[in-house]
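This report goes through a protein chain part by part. Look at the sequence and the model first, then read on.

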Amino acid sequence: MITVTDVQKLGVGLTAFGLFFLMFGVLLYFDSVLLAFGNILFLAGLAVIIGLRRTFQFFFQRHKLRGSAFFLGGVALVLLRWPVVGMVMETYGFVLLFRTFFPMAFGFLGSLVNIPFLGSLLNRLSGSSSSMV
């Protein structure tokens, strides 16, 4: 069993609040203050959860530099009050950074969802060949 320290619990809270403010900022027609606050909280929470060194290593791996540049450039544009362009850049950078995690996430969601069409769709997106629907 994985033990979670109190500091990591704080990081999960920061990340959750960051995602909340990001969603709320998008719902309020790309409010730049809420988006900037959400970005700062999300990045701070990520750094607290996995540590500063591992966060730096994750973002600055050689094969992830383009995704990191788009993601962090989008954060900078949101902080400079260009929220729409910044969020588009962030989204593209997020997809580039986390594209290796998507099949695993879709497979996990497909195993949880017991809805016939949605479960088979998620299993197909994950690349799983099992027909447990």
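The model is a predicted one. Phe56 is located in helix H3. Its relative accessibility is 54%, and because exposed means over 50%, Phe56 counts as exposed. Phe56 and Arg124 are 68 residues apart in sequence, and their C-alpha atoms are 33 Å apart in space.

Arg124 belongs to the exposed side of helix H7, as does Phe117. The buried residues of helix H7 (residues 116-126) are Gly119, Leu122, Asn123 and Ser126. Viewed down the axis of H7, these buried residues fall within an arc of 100°, so they line one face of the helix.

The largest nonpolar core consists of 8 residues: Phe42, Leu46, Phe58, Phe59, Phe71, Val75, Leu97 and Phe98. Two or more residues of this core come from each of helix H2 (32-50), helix H3 (52-59), helix H4 (65-79) and helix H5 (83-98). There is also a second, separate core of 5 residues, among them Leu35, Ala36, Val78 and Met87.

How many salt bridges does a search of the whole structure find? The search finds 1. Asp6 pairs with Lys9 in a salt bridge, and their closest N and O atoms are 3.9 Å apart. Asp6 and Lys9 are separated by about one helical turn because they are 3 residues apart in helix H1.

| Residue | Relative accessibility | Class |
|---|---|---|
| Asp6 | 61% | exposed |
| Lys9 | 51% | exposed |
| Phe17 | 51% | exposed |
| Phe56 | 54% | exposed |

The database record can be set beside the model. An unreviewed UniProt entry lists residues 12-30, 36-56, 68-89 and 101-122 under "transmembrane region". In the model, residues 36-56 are 95% helix and 0% strand, with end C-alpha atoms 20 Å apart. Residues 68-89 are 86% helix and 0% strand, and the C-alpha atoms at the ends of this span lie 10 Å apart.

Methods
Residues numbered from 1 in each chain as written. Predicted model: local features only at pLDDT ≥ 70, side-chain atom pairs only at ≥ 80, totals over all residues. Heavy atoms only, no water. Core = buried A, V, L, I, M, F, W, Y, C linked by side-chain atoms within 4.5 Å. Buried < 20%, exposed > 50% of the residue type's maximum accessible area, 1.4 Å probe, protein only. Helix = DSSP H or I, 4+ residues; strand = E, 2+ residues; numbered from the N terminus. UniProt positions renumbered as here; feature names shortened; annotations may be inferred. Arc of directions from axis to C-beta. Salt bridge = Lys/Arg side-chain N within 4 Å of Asp/Glu carboxyl O.
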